[in-house]
Amino acid sequence: MTTLLEPQNDFIASIYDEMARQMSDSRNSIVQANETAAEIAATIRQNGRLILLGMGGSHAVGRAVAPCYRALGIQAVALPLSEQLDCPVPLEGWTAMVTSQSGESAEVLRWFAEERAPRDSFGLTMEPTSSLANLVPCLIGAGGSEIPFAATRSLTVTLALHAAVLQHLGADLSPVFAAMQQSTTPDLTQAVGHFKNVKAIVTSGRHQQGVAEAIALGLTELSRLPCFSLESGQLRHGPVEMLNSEVGVVMFRADDPSSTYVTSLAEFTLRESDAPLILFDASDLPAVEGAVTVRCPKSEGLAASFALLSAAQRFMVDFSASRVTDVGTPLRCSKVTKVE
């Protein structure tokens with residue numbers, strides 16, 4: 001079992017290339033987005049209510065940043081855009097932020113075509129010439145569209161675009177910039193080997209549940225194994241019955257009050273089952289005995305999302321490459337989903 005693999009094909013080589021420049025593009029995104037981010041922040045502050053809409057990885061990023069907005073006094077919720085189309089939350093008086101890497105997702109185009117968007121609607125995209133960018137004022141990620149399947153750089157850059165808005169709402173971004181600077185590739189050999197016999201994976205976090213969901217999506221897309229995500233409280237309420245030696249568990253712990261609950265569930269999982277467990281850890285708490293711990297820079301909130309996502313993405317790709325010879329080659333879908 002090896003990790004930090006030599007690229008096996010053009011697809012995985014391009015994924016590694018995207019990840020290599022994601023922090024520099026994220027820093028540039030924050031600077032370039034400043035003016036539009038200030039406009040969006042002013043609208044959010046005035047309305048006090050924010051809905052974050054997207055599909056796939058874009059929705060996972062919304063889940064990751066919603067707690068950051070709430071911490072600043074904003075009533076923020078993240079919903080899949082498909083759910084908002086089918087069972088809509090009334091949005092009068094809300095600010096809406098719609099995320100689509102390509103700006104061409106089918107649900108995004110239908111939402112605007114059916115005039116569902118409230119007056120105060122904004123977009124986040126990697127593509128400045130996209131349909132979304134032509135429909136509403138948009139934050140544009142630096143570095144252009146991400147080409148390979150699945151999403152890595154685009155997720156991190158989208159986090160950065162939200163950081164630009166959060167800064168104008170009063171967030172201190174110095175921990176975020178520190179996390180970007182400290183981002184390194186940890187040794188993942190033991191982590192990849194720990195999952196050598198798994199046939200399914202569940203990822204889980206508390207404050208970092210959005211990161212857990214993003215990684216579950218990428219693992220599913222690249223490894224082609226059943227992978228899904230459950231917030232740690234939800235995982236404990238029944239689904240722990242599935243745990244066995246062929247179900248890998250990936251948990252995310254940051255330096256925040258929820259870390260004690262993540263620790264408790266990790267200890268319970270190891271005590272009550274033989275499920276292999278990997279803990280991506282941005283706290284300074286002791287390692288959980290029996291788990292493979294991947295240490296990340298100590299951080300919380302949005303800074304921890306950057307630190308944990310960077311390390312977990314590399315695991316996501318390396319693990320998948322250990323299972324799939326043509327990793328990064330989509331079989332049944334495309335990079336941009338244009339059909340509902």
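Start with the largest nonpolar core, which has 81 residues; such a core is a set of buried Ala, Val, Leu, Ile, Met, Phe, Trp, Tyr and Cys residues joined through side-chain atoms within 4.5 Å. Select Tyr69, Met97, Val165, Phe280 and Phe315, the members that touch the most others. H14 gives this core its largest share, 14 residues. Helices (H or I, at least four residues) and strands (E, at least two) are DSSP runs, numbered from the N terminus.

This is a predicted model, where local features need pLDDT of at least 70, side-chain atom pairs count only at pLDDT 80 or more, and totals for chains, interfaces and linings use all residues. Residues are numbered from 1 along each chain as its sequence is written, and side-chain values use heavy atoms, with hydrogens and water left out.

Next, select Phe315. Leaving aside neighbours within four places in sequence, Phe315 is in contact (heavy atoms within 4.5 Å) with residues including Leu188, Phe195, Val250 and Phe280.

Now show H8 (153–168) with H14 (301–323): their axes, lines fitted to C-alpha atoms over the stretch in contact, are 11 Å apart at an angle of about 175°. The two helices are therefore roughly antiparallel, a term for angles over 145 degrees. On H8, select Leu155, Thr156, Leu159, Ala160, Ala163 and Leu166; on H14, Leu302, Ser305, Phe306, Leu309 and Gln313.

Finish at Ser130, in the loop between strand E4 (120–125) and helix H7 (131–135). Ser130 has 2% relative accessibility and counts as buried (under 20% relative accessible area, 1.4 Å probe, protein chains only). The Ser130 side chain reaches the backbone oxygen of Glu127 at 2.9 Å.

Methods:
Axes are lines fitted to C-alpha atoms, for helices over the stretch in contact, and angles run from 0 to 180 degrees between N-to-C directions. Angles under 35 degrees count as roughly parallel, over 145 as roughly antiparallel, 65 to 115 as roughly perpendicular and the rest as oblique. Buried means under 20% relative accessible area, exposed over 50%, partly exposed in between (1.4 Å probe, protein chains only). A polar contact is a pair of N or O atoms within 3.5 Å; within protein, one must be able to donate a hydrogen and the other to accept it, and residues adjacent in sequence count only if both atoms are side-chain atoms.
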